[in-house]
Each structure stands twice: as C-alpha cells, then as structure tokens.
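Please read the following note with the structure open beside it.

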Amino acid sequence: MTTKRRLRLSFPNELRWLYLSAPLVIVVLVFLTEARDARPAARATRLAMGTTVTITALHHGERQAGRAIEAAFAEIERIEAALSIYRDSSEVNRLMRSRSIEAGPDLLTVVRAAQLYHDLSGGAFDITVEPVLEVYDRAFDRRERPPAAAEIDSARSLVGFERLSLSGNTITLAEGTRIDLGGIAKGYIIDRAVETLRRRGIRNGLVNAGGDIRAFGRNNGEPWRIALQNPRDPSDYLAVIEVADRSVTTSGDYERYFDPDREYHHIIDPRTGRSATALMSVTIIAPRAMEADALATSVFVLGPRDGLELVERLEGIEALLITREREIILSPGMGDFIRGRIRTWSAGPER
Ligand code: AMP
Ligand code: MG
C-alpha cells in the first residue's frame with residue numbers, strides 16, 4: 001500500500017481515515033493492574049495531526065479526567081491549526097505567504113527547536129527541506145514515478161536553514177523558502193497536551209499520536225509498556241519497551257512512502273535531496289516528545305554510524321535502530337528500557 005504524504009492532514013471522509021490509519025507505527029499495550037485501589041483509566045481517541053490520537057488519564061475522578069482529556073484535545077486542535085502546512089489559514093502558511101511575520105509562541109518555540117536540532121545534527125534535520133518533498137509529491141501524484149534529477153536539484157537550491165532568520169519574535173524566510181514542521185511539531189503538540197492534562201490534576205497518563213508517545217507518571221505503580229512494531233509486518237512486534245515519564249517516538253520508512261520498495265519515502269536527506277535509505281526505523285527515548293520526535297527524524301537521516309554518535313553525545317537520550325539489512329542496533333543505555341528479549345526477525349520476504 002502506498003500512502004502519499006499530501007494526504008496527511010486532510011480527511012474529507014472517514015474512509016480515508018481508515019486507509020491512512022492502517023500503518024500505525026506502534027501499538028501501546030496498557031496493562032492496568034488489578035489491585036482494588038487501582039486508578040480507573042479514562043480514555044478517548046480522536047483524529048488529529050493526520051493520525052489517531054489516544055489520550056489515557058489514570059485518575060479517581062472520572063469527570064475531572066474526562067474534562068482534562070477534552071482540554072488536551074482542544075489544545076492539540078488549537079496548535080495544529082497554527083502549525084500545519086495542510087491548513088490554509090495556519091500561521092505557518094501565513095509566514096510562507098508574507099515571508100516575514102511576528103510569530104506566536106508555539107511557532108517560535110518549534111522553529112527555535114528546529115534550529116537547535118538542525119545544528120546538533122549537522123544539517124540532517126532541516127525544516128526547509130519542504131520544496132524537495134513537494135517535488136516528490138508532484139512527480140508521484142501526476143506521473144507515478146520519481147522526479148528527474150534536475151527537478152530535485154532545482155528544489156534543493158531553495159533548501160538551507162540560513163534562508164530562515166529569527167530576530168526577536170520575527171521569522172523571515174528568503175524568497176522561495178518553504179518550511180514543513182512535520183518532523184517535530186507532533187512531538188511539541190504531544191508535550192503541550194501532557195502539560196494541559198497535568199495542569200488539570202492528572203498525574204499519570206499517556207498521549208499516543210499514531211505511535212509517537214509520551215507517558216507521564218506510572219501505570220498504577222508500574223512502568224508503561226510499549227510494543228515496538230516490526231517495520232515490515234504491522235501484526236508483529238519486535239520488543240517491549242518499558243518507560244515511566246518518558247517519550248518514545250519512531251521514525252520509519254514504512255509510515256508514508258511513494259513506491260513499494262520504499263526507495264522514495266517522506267524523510268529526505270537535505271544533503272542529497274533523496275530519501276534516506278540506510279535505516280528502516282529509528283526509535284528514540286527522550287524525556288520530552290519534541291526532542292524524541294526531532295531526534296528520530298535526525299537519526300533516520302544520519303544513518304546508523306553518525307546517528308548513534310549523535311545519540312551518545314546527548315544526555316538522557318537512547319535509541320533503537322533497525323537497518324535495511326534488518327540489523328537491530330541499540331545505544332549503550334537502551335537495553336535498560338527493554339523488557340525481555342528482542343525478538344529476532346528473519347523469516348519472510350524482506351519487504
Ligand atoms: P517523522 O515521522 O517525525 O520522522 O517526520 C517526517 C516528516 O518530517 C516528513 O513527513 C516531513 O514533513 C518532514 N521531514 C522530512 N525530511 C526532513 C528532514 N530532513 N528534516 C526535517 N524534517 C523533515
Ligand atoms: Mg520526527
């Protein structure tokens with residue numbers, strides 16, 4: 001099944017949602033303890049950010065939990081409306097139309113963080129890569145084949161973080177520069193949703209946006225358990241990760257791709273203008289979802305050697321990488337978060 005990137009944030013009908021939500025990255029197993037004083041779970045699932053978002057709140061007051069979840073979804077909707085390039089009236093589209101705006105706090109925070117991860121990753125993470133993604137979208141939409149090298153090169157001439165400038169609250173883009181916050185905004189929005197839940201008195205819970213997860217507190221005294229999906233078989237999982245107060249985010253070539261071999265998918269190496277193909281998936285554990293999100297995309301682009309080197313340089317970050325050769329590589333502290341064995345995965349065709 002080929003899922004096109006452009007479909008991400010527009011859902012004219014429910015059928016499309018079902019189609020898009022099929023390749024969810026991670027399945028969360030929430031095992032509630034049976035103890036008599038176990039907190040009941042309030043839970044709701046909605047469509048947002050081009051995926052299904054489930055919010056779980058463990059709390060004795062059912063109504064308070066329900067209201068907190070409502071407030072968290074309202075916060076998600078509010079920020080998505082500002083940051084999505086798929087909404088005409090979003091703040092980010094207004095910036096691209098007028099080239100320079102006084103940005104609000106959400107856009108400013110995300111763009112500043114994007115700059116940080118750009119620098120940390122030596123340019124592998126770059127929100128100005130959007131014109132290249134558009135070239136792929138157009139080529140596969142109209143001609144169902146990859147773009148010509150000349151088209152990619154001409155789009156690449158518009159890419160570069162130096163084409164974006166930040167001064168106080170003002171963001172300015174050079175002529176032709178476009179930005180796409182898809183590699184980082186979801187994490188930011190998850191963090192804001194968690195803040196909203198906490199402000200309303202929820203101490204333990206979990207926000208799962210299509211496999212990008214932030215768990216806070218504990219699952220009735222236990223850590224939260226998250227099953228890591230096999231990147232080539234959604235019905236299978238490779239490992240169970242246990243976390244408390246952590247985010248777990250996965251970037252993979254199987255989320256959105258243009259061709260069955262996944263040579264052309266939605267994560268672009270800005271240095272080449274091509275999809276990054278050394279890895280199948282990168283799972284990052286980090287305290288906050290925004291850093292996990294940005295780092296998963298960064299490490300995916302950097303590949304196993306440079307990606308691991310980046311993870312090892314950063315405090316409190318762990319990673320699990322799966323290469324195209326199906327090799328599973330862990331950062332030095334990752335093993336502490338894995339419950340039981342990592343399942344080997346050799347049977348069946350590669351793709
Ligand atoms: P994720 O699923 O978090 O890895 O994000 C992938 C999304 O990030 C893509 O759909 C694009 O919107 C955007 N993107 C693609 N390549 C890059 C890159 N090199 N740096 C930053 N964002 C990117
Ligand atoms: Mg990301």
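1. The magnesium ion (ligand 2) is held at 1.9 to 2.5 Å by Gly183 (O), Asp293 (O), Asp293 (OD) and Thr297 (OG1). Donors here are N, O and S atoms within 2.8 Å of the metal (3.2 Å for Na, K and Ca); water is not among the atoms, so sites may look incomplete. Along the chain, the donors follow the spacing G-x109-D-x3-T. Asp293 and Thr297 are 4 residues apart in helix H8, and therefore about one helical turn separates them.

2. The model is predicted: local features need pLDDT of at least 70, side-chain atom pairs count only at pLDDT 80 or more, and totals for chains, interfaces and linings use all residues. Residues are numbered from 1 along each chain as its sequence is written, chains are lettered from A and ligands numbered from 1 in the order in which they are written, and side-chain values use heavy atoms, with hydrogens and water left out.

3. Which residues come nearest to ligand 1? They are Asp126, Asp180, Ser251, Ile268 and Thr297, out of 19 residues around ligand 1; a residue is near if one of its heavy atoms lies within 4 Å. This shell divides into 8 nonpolar, 5 polar and 6 charged residues. Ala, Val, Leu, Ile, Met, Phe, Trp, Tyr, Cys and Pro count as nonpolar, Asp, Glu, Lys and Arg as charged, and the others, Gly among them, as polar. Helix H8 (residues 289-313) gives the most to the shell, with 3 residues; helices (H or I, at least four residues) and strands (E, at least two) are DSSP runs, numbered from the N terminus.

4. A backbone N or O atom of Ala124 is 3.0 Å from a ligand nitrogen atom, and one of Asp126 is 2.8 Å from a ligand nitrogen atom. A polar side-chain atom of Asp180 lies 2.7 Å from an oxygen atom of ligand 1. The protein covers 98% of the 500 Å² of accessible area (Shrake-Rupley method, 1.4 Å probe) that ligand 1 has on its own.

5. Most residues other than glycine have a negative phi. Arg99, in the loop between helix H3 (91-98) and strand S4 (100-102), has a positive phi of about 75 degrees. Arg326, in the loop between strand S15 (318-323) and strand S16 (328-330), also has a positive phi, near 65 degrees.

Note on methods:
Polar contact = N/O pair within 3.5 Å; in protein donor to acceptor, adjacent residues only side chain to side chain.
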